[in-house]
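Here is a brief report on a protein model. Take a look at the fold before reading on.

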Amino acid sequence: MDIFAPYEQAQARSNTAQQRAGEAQAHLHAVINGLMAQKQGRFFLRWLMYNCQCFSAQNLAMQDGTQTSAHDTARLCFAEGRRYVGMTLLRLVQCADPQNLPQLFQIREDEDAF
């Protein structure tokens with residue numbers, strides 16, 4: 001019986017998991033670069049970021065006075081979750097290629113095409 005077998009097996013599983021994570025990251029970068037290569041793809045990415053409200057603040061002011069603080073907290077948590085998805089997408093765009101982010105925000109170039 002090999003007393004080091006459990007440790008070696010754990011290391012092998014860890015190496016396999018790291019390899020799969022690297023492959024998944026490479027696939028995501030390829031998808032982002034494919035979207036960035038097309039005007040419709042850049043439009044779609046901007047649409048996602050707009051809907052995730054990456055660049056807007058949440059207004060929790062009570063409008064009719066009937067909202068409770070628990071309701072405000074739930075709204076804030078939901079909005080922050082949506083914003084987290086958008087920011088994760090933004091980071092993925094930047095990590096795929098550092099030139100993607102400036103290109104994504106050059107809206108005038110893409111608007112001429114529509």
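Predicted model: local features only at pLDDT ≥ 70, side-chain atom pairs only at ≥ 80, totals over all residues.

Residues are numbered from 1 along each chain as its sequence is written.

The protein chain has 5 helices and 0 strands. Helices are DSSP runs of H or I with at least four residues, strands are E runs of at least two, and both are numbered from the N terminus. Buried residues make up 20% of the 114 residues. Buried means under 20% relative accessible area and exposed over 50%, with a 1.4 Å probe and protein chains only.

The axes of helix 1 (residues 5-36) and helix 3 (residues 69-96) come within 9 Å and cross at roughly 90 degrees. Therefore helix 1 is roughly perpendicular to helix 3 (65 to 115 degrees). Axes are lines fitted to C-alpha atoms over the stretch in contact, with angles from 0 to 180 degrees between N-to-C directions. Contact means heavy atoms within 4.5 Å.

| Helix | Residues in the contact |
|---|---|
| Helix 1 | Gln 25, Leu 28, His 29, Ile 32, Asn 33 |
| Helix 3 | Leu 89, Leu 92, Val 93, Cys 95, Ala 96 |

Helix 2 buries Gly 41, Arg 42, Leu 45, Arg 46 and Met 49. They cover an arc of only 135 degrees around the axis, so they lie on the same side of helix 2. The arc is that of the directions from the helix axis to the C-beta atoms. The face turned away from the buried side of helix 2 carries the exposed residues Gln 40 and Tyr 50. Gln 53 follows helix 2 and has a positive phi, near 55 degrees.

Definitions and conventions. Heavy atoms only, no water. Parallel < 35°, antiparallel > 145°, perpendicular 65-115°, else oblique.
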